[in-house]
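This briefing walks through a single protein chain, topic by topic. Please keep the sequence and the model side by side while reading.

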Amino acid sequence: MKTRSLIIFNPAAGQRGDHLLKRVVTRLEAGGMEVTLLAPRSAGELERIVRDASSTEWDCVIVAGGDGSLKEAINGRSVNNPPLGLIPTGTANVVALELGLPKSPDGLADVILQGRTAQISLAEANGRQFVFTAGVGFDAYLISTVSSRLKKRFGKLAFAIAALRDFMRYRFPMFDIVVDGRTYHGAGVLIMNGSLYAGPYAAAPDRKLTDPDFSVIVLRKPGVRAAASYMFALAKGKLSTHADVDFIASANSVDVTGPEGTIFQADGDNAGILPLRARSGADQAQLIVPPLQAMAAAGL
């Protein structure tokens, strides 16, 4: 009997994403997998599709999209779902980097065909699960100003363009941040369920998606100069040791309050407005991962 996979794809992924998806599908079918493609027709439908995808009908559900699409799928899971896989056709594809997914179509298809899985720990922000990060501050503001059209045209460069455009007009408000009952004050906070942020940059070294807790990075100082310093430190992999950062390596709860209407982000998408209540260990999800990642998750 053939292995049956449902691939849910983002029809707005662009030419590069379409090309990658087609090549992966060709390789999957050559490897003996029966593939069904389905595109959500409206906002929120991806969650419903995943929720209804029973393991009696499908052996795996694959999301062809970015971090935001995977987050939607995660929030749509039910107890009857088969494992989730990922074909990274998004802008930053941070989760794909965290999982160590190959970049080539053949490599991605081989990971899916092998079907090795790992249980990752999910966190929660205001009742919605996220995979690798949530945040308040300039990063969340920036995400809210970058249009899908700009991301489709310029990819990751869209965020640099928006940063240059908005750097001088952002007001850098201050927030009250309570981490496991202890209060901090800062111009921003990153809640790191994974290690990487904004692509391949290690914001929380040594953190793994399989860890049951998360790390918290409080950016204490406001202003353009401080923000530029934080960005430079992130690019160098030294944000957690920055002199103006409070780094809490292990935490289970974060509550953030600040100016009314302030946006927070989760996994690189707008996720709501303050107050933010984040909790670790909200749930677990079974993801298809490369063999070495599966062995590491199993402690082998």
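Phe138, Tyr141, Tyr170 and Phe172 come together as one aromatic cluster in this predicted model, and a search of the whole structure finds 5 aromatic pairs, where rings of Phe, Tyr and Trp (its six-membered ring) pair if their centres lie within 6.5 Å, with planes under 30 degrees apart counted as stacked, over 60 as edge-to-face and the rest as tilted. Because the model is predicted, local features need pLDDT of at least 70 and side-chain atom pairs count only at pLDDT 80 or more, while totals for chains, interfaces and linings use all residues. Residues are numbered from 1 along each chain as its sequence is written, and side-chain values use heavy atoms, with hydrogens and water left out.

**Overall make-up**

- The secondary structure of the chain comes to 10 helices and 18 strands, taken as DSSP runs numbered from the N terminus, with helices (H or I) of at least four residues and strands (E) of at least two.
- Buried residues make up 50% of the 300 residues in the chain, where buried means under 20% relative accessible area, exposed means over 50% and partly exposed lies in between, with a 1.4 Å probe and protein chains only.
- Of the contacts (heavy atoms within 4.5 Å) between residues at least 6 apart in sequence, 74% join residues at least 24 apart.

**The open sheet and the helix across it**

- An open sheet is formed by 6 strands in the order E14-E13-E10-E7-E16-E17, with antiparallel pairing; two strands are taken to pair if DSSP finds at least two bridges between them.
- At the edges of this sheet are strand E14 (245–251) and strand E17 (269–273), each of which pairs on one side only.
- From one strand to the next the twist averages 20 degrees, with axes being lines fitted to C-alpha atoms, for helices over the stretch in contact, and angles running from 0 to 180 degrees between N-to-C directions.
- Strand E16 (residues 263–266) is joined to E17 by 4 bridges in the antiparallel sense, and Gln265 stands opposite Asn270 in E17.
- Helix H6 (residues 138–145) lies across strand E7 (133–136), strand E10 (188–192), E16 and E17, and runs at about 85 degrees to E16.

**Pairing through strand E18**

- Strand E5 (residues 117–125) runs antiparallel to strand E18 (residues 276–288) and is joined to E18 by 8 bridges, with Leu122 having Asp283 as its bridge partner in E18.
- Strand E15 (residues 253–257) also pairs with E18 in the antiparallel sense, over 4 bridges, and here the bridge partner of Asp255 is Arg277.

**Buried polar residues**

- Gln265 lies in strand E16 and counts as buried because its relative accessibility is 1%.
- The side chains of Gln265 and Asp139 are joined by a polar contact of 3.0 Å, a term for a pair of N or O atoms within 3.5 Å of which, within protein, one must be able to donate a hydrogen and the other to accept it, with residues adjacent in sequence counted only if both atoms are side-chain atoms.
- A polar atom of the Gln265 side chain lies 3.4 Å from the backbone nitrogen of Asp267.
- Leaving aside neighbours within four places in sequence, Gln265 is in contact with residues including Thr133, Ala140, Ile143, Tyr197 and Ala271.
- Asp213 lies in the loop between strand E12 (201–202) and strand E13 (214–219), and Asp213 counts as buried because its relative accessibility is 15%.
- The side chains of Asp213 and Ser250 are joined by a polar contact of 2.3 Å, and among the residues that Asp213 touches, not counting those up to four places away in sequence, are Asn193, Arg207, Asn252 and Ser280.

**Nonpolar cores and helix packing**

- The largest nonpolar core has 46 residues, and those with the most contacts inside it are Ile7, Val24, Leu28, Ile74, Ile87 and Ile112; a nonpolar core is a set of buried Ala, Val, Leu, Ile, Met, Phe, Trp, Tyr and Cys residues joined through side-chain atoms within 4.5 Å.
- A second, separate core of 23 residues includes Val136, Val179, Ile191 and Leu276.
- In helix H2 (residues 45–52), Glu45, Leu46, Glu47, Ile49 and Val50 are buried, and the buried residues of H2 pack against strand E1 (3–9), strand E2 (33–38), strand E3 (60–65), helix H3 (67–76) and strand E6 (128–130).
- Ala73 is found in helix H3 and is buried, with a relative accessible area of 0%; leaving aside neighbours within four places in sequence, Ala73 is in contact with Leu46, Val50, Val63 and Leu84.
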